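My entries follow the structure.

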Amino acid sequence: MPEKKSVVIHWFRRDLRLADNAALFHALSQHEQVLPLFIFDSNILDALENKKDARVSFIHRVLQKMHAELLQQGSGILIRYGTPEDVFTALLQEFSVAAVYTNRDYEPYAIERDAAIGDLLRTRQIPLHTFKDHVILEPHEVLKADGTPYTVYTPYSKAWKNVYSEDDTKPFHSEKWTARFLKYTAEKFPTLNDIGFKPTDIPLPDVFVDEHIIKQYHLTRDIPSIAGTTRISVHLRFGTLSIRKYMRIALQWNEKYANELIWREFYQMILWHFPHVVGNAFRRAYDQIRWRNNEKEFALWCAGKTGFPLVDAGIRELLATGYMHNRVRMVVAGFLTKDLLIDWRWGEAFFAEHLLDFELASNNGGWQWAAGTGVDAAPYFRIFNPAEQAKKFDPEGKYIRKWIPEFDTLDYPQPMLDHSFARKRCLETYAAIKQ
Ligand code: FAD
């Protein structure tokens, strides 16, 4: 038997980049022979019904680029398919593993997965070293004076800014150490087909942010017809760009933008401390809402055919690109939950299926905010009027016409209901809840 290669593994998950990567920096700066690993996790992939899922294509493309870069140095990313437990069990047969490095992930599935892998490694006396990389401040770092978590954004963000120090956004220059990756004859890089998927029809975004937008962000962020937001969400989701770099810039250039990035950390924190938000209202009383859940109406919403142009344009943008502007997400989600009285979990699942930037924490937070069931939620009597929202944020109808080509023709449907009637019905339904 040839002797097993002695390696240290860096396990990539939501940190798909070689530069400014915390765990990767620690692995490479402390060890020779670092083996980069990515697992196409069958637990996650098997649950995806759409075999052209854009996220799988995006991850595949990013990994291919990273792999090509490493091949030039005689290395490469080891790609495996299967459950993480099976993959690690096999790797421990193939290699003599001295340690595993990875960046922390705060979602319930990830916490369970990492605990299981930690246990598996521990039985062989192999340490699992985990690092903060996905956020600037972790859920336990920003707490009230009595040690309990915040549930309202504004005091949380103030406390966040008090706890924050410049050290928190210093880069980890992992890219300077890439010569330390294990040199080996890399296996053939799997195709999408090899893992049971097909290329998406959606145009995938490049790993790029136009930093000029950040300077003007407070002026442009609410106008869906222009490139007024940074489109960084997908990169923060998959770690293709470093949150440290953009939070640093945000805090220097535009407080409004920094506040949005802090919203992201707020929802990560909420999910960590209150995991019941997955599948339940944060405010338990709101689980009593008597949703109408009319399936025909849901189908019209999902198809972008409600006759409310801003709602329909948003859904169509989502279906065509995997993205929807934030202002429009709020209107679309408000319309489903309040005008149609359809359970926010139906909308949450639809977004989860189609958003390229889908994050459990932000998506759940956004939906519960819109439905008025969550932390710091819009009070239930604040009901968006979709026509007024369109007038205010898309006054010339540019965004609407971009996504609804038949808008000015008879093919475009009449509104599916009367908003003032729906508003009244919603108020009555919410008022019936016993607090
Ligand atoms: P920018 O306006 O440029 O903002 C920069 C970054 O700040 C965003 O990328 C995001 O990381 C953060 N941010 C901004 N607004 C929010 C917010 N309200 N909550 C949390 N973080 C925020 N965002 C996701 O990343 N994934 C989701 O699955 C998701 N689902 C949502 C569902 C609903 C119903 C709503 C109302 C919002 C949701 N958001 C989600 C938040 C927000 O809409 C997106 O982050 C934003 O539209 C992404 O575009 P951008 O990167 O150009 O944002």
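These are my notes, starting with the conventions.

I am working on a predicted model, in which local features need pLDDT of at least 70, side-chain atom pairs count only at pLDDT 80 or more, and totals for chains, interfaces and linings use all residues. Residues are numbered from 1 along each chain as its sequence is written, and side-chain values use heavy atoms, with hydrogens and water left out.

Entry: ligand. I looked up the shell and found 28 residues around the ligand, the closest being Y217, T229, T230, R231 and N326 (near means a heavy atom within 4 Å). They divide into 15 nonpolar, 7 polar (Gly is counted here) and 6 charged. Helix α10 (255–273) gives the most, with 6 residues; helices here are DSSP runs of H or I with at least four residues.

Entry: polar contacts (N or O atoms within 3.5 Å). A polar backbone atom of I232 is 2.9 Å from a ligand oxygen. A polar side-chain atom of R329 lies 3.4 Å from an oxygen of the ligand. A polar backbone atom of D357 is 2.9 Å from a ligand nitrogen. The protein covers 96% of the 810 Å² of accessible area that the ligand has on its own (Shrake-Rupley, 1.4 Å probe).

Entry: helix α4, residues 84–94. I list P84, V87, F88, L91 and L92 as its buried residues (under 20% relative accessible area; exposed is over 50%).

Key:
A polar contact is a pair of N or O atoms within 3.5 Å; within protein, one must be able to donate a hydrogen and the other to accept it, and residues adjacent in sequence count only if both atoms are side-chain atoms. Helices (H or I, at least four residues) and strands (E, at least two) are DSSP runs, numbered from the N terminus. Buried means under 20% relative accessible area, exposed over 50%, partly exposed in between (1.4 Å probe, protein chains only).
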